[in-house]
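Here is a friendly briefing to read alongside the structure. Please keep the 3D view open as you go through the points.

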Amino acid sequence: MKTLAKFLRVAGFAILPLVAAGQALAADKLTIGLIPSEDSQAMIESSRQVLASLQQQLGMEVEPFVATDYNGIIEALRAGKLDVAYLGPFSYVLATTVADVEAFSVAVTKKTGQSAYKSLILARKDSGIRDLADLKGHTFAFVDPSSASGHLFPKAGLEQAGFEPDKLFSRVIFSGSHDASILAVENRKVDAAAVADRILANAVAKGMVKQGDFQVVWTSRPIPESPMVWRKDMDPELKKKVAGALASIKDVPWGDQGQLDGFQPTNDAAYDVVRETAKVLDLDLRSMK
């Protein structure tokens, strides 16, 4: 944590102070929560240019906050410690059950030109695992209980294919990030894992792993991209400025999504497919907080 704190200060960003629930945030500061899809330092670094551009356009300080897990961001939203947050699709749906927030914007990337992605189940090519039935008795990594592509969509996919996820594997772990799951398969720590397709592509592009080492065992239907959300009670004028500023940010990296082609408007209804997936799994969203 001390290393992260030093990094944030060097990068020109302050660490989000802990404030009591309900305490008003500073009017001249915008606090942004970032999901830990990569390790904390990598997440801040890959988001640095977007945050700097946002700060310049708004003419106010922008403070990033990366929690250790998805629920850390949700709890910060619930407690009124954040104005805006970048959440995964499922963690957003979960957040709406406990905090007064709404999705308002979603990134469009240069590479795909889309605001959706897919979940993959990966195994090493030399593992002999070629289809879902071959997963029986093997070890497996999910990302986080609240991850759409790293847990909920693949788990629902297994159930819809006639498998019982709780009985299919010999051992299951939650790795904490997509990169960690990819490396766990690469290094034979687990036999297979569920990850986002764009994060695998990014890991390959960075030379972390080789695409040819992996076998794609299963692919999900399109999942709506991770949204930017804000507190519903945020100042309306500030909302307009934030949305406009995000829409104009292009040709810079954003988190694990790669080069941006701006942010486009989205809304809560776009995430109904995530709620439908929760129903397949018979999840009580409120019980997960």
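Predicted model: local features only at pLDDT ≥ 70, side-chain atom pairs only at ≥ 80, totals over all residues.

The protein has ten helices and 14 strands, and buried residues make up 52% of its 289 residues. Among contacts with a separation of 6 or more, 78% come from residues 24 or more positions apart.

**Helices α7 and α8**

- Start with helix α7 (residues 178-186), which packs on helix α8 (residues 197-205) at an angle of about 65°, the two axes being 10 Å apart.
- Angles of 65 to 115 degrees count as roughly perpendicular, and α7 and α8 are therefore roughly perpendicular to each other.
- The crossing of α7 past α8 is right-handed.
- On the α7 side, the contact is made by His178, Asp179 and Ile182, and on the α8 side by Ile199, Leu200 and Ala203.
- Sorted by class, this contact of α7 with α8 has four nonpolar residues, one polar and one charged.

**Helices α5 and α10**

- The next pair to look at is helix α5 (residues 148-160) and helix α10 (residues 272-280), which pack at an angle of about 50° with their axes 9 Å apart.
- That makes α5 and α10 oblique to each other.
- Here α5 and α10 cross in a left-handed way.
- From α5, the contact draws on Leu152, Phe153, Ala156, Glu159 and Gln160, while α10 brings Val273, Val274, Thr277 and Val280.
- By class, the residues in the contact of α5 with α10 are six nonpolar, two polar and one charged.

**Salt bridges**

- Side chains of opposite charge can pair when their charged atoms come close.
- In total, the structure holds 15 salt bridges.
- One of them joins the side chains of Asp166 and Lys155, at 4.0 Å from N to O.
- Asp166 sits in helix α6 (residues 165-168) and Lys155 in helix α5, so this pair ties together parts that are eleven residues apart in sequence.
- Are the two partners buried or exposed? Asp166 is exposed, with a relative accessible area of 69%, whereas Lys155 counts as buried at 19% relative accessibility.
- Another salt bridge links Lys240 with Glu237, their closest N and O atoms being 3.8 Å apart.
- Lys240 and Glu237 are three residues apart in helix α9 (residues 236-248), so about one helical turn separates them.
- Of this pair, Lys240 is exposed with a relative accessible area of 59%, and Glu237 counts as partly exposed at 46% relative accessibility.
- Arg275 and Asp268 also form a salt bridge, with the closest N and O atoms 2.8 Å apart.
- Arg275 counts as partly exposed at 22% relative accessibility, and Asp268 is partly exposed too, with a relative accessible area of 31%.
- Finally, look for Arg124, Asp126, Glu186 and Arg188, which are linked in a network of salt bridges.

How values were computed
Residues numbered from 1 in each chain as written. Heavy atoms only, no water. Axes fitted to C-alpha atoms, helices over the stretch in contact; angles between N-to-C directions. Helix = DSSP H or I, 4+ residues; strand = E, 2+ residues; numbered from the N terminus. Parallel < 35°, antiparallel > 145°, perpendicular 65-115°, else oblique. Left-handed = near helix turned anticlockwise from the far one by under 90°. Contact = heavy atoms within 4.5 Å. Nonpolar A, V, L, I, M, F, W, Y, C, P; charged D, E, K, R; others polar. Buried < 20%, exposed > 50% of the residue type's maximum accessible area, 1.4 Å probe, protein only.
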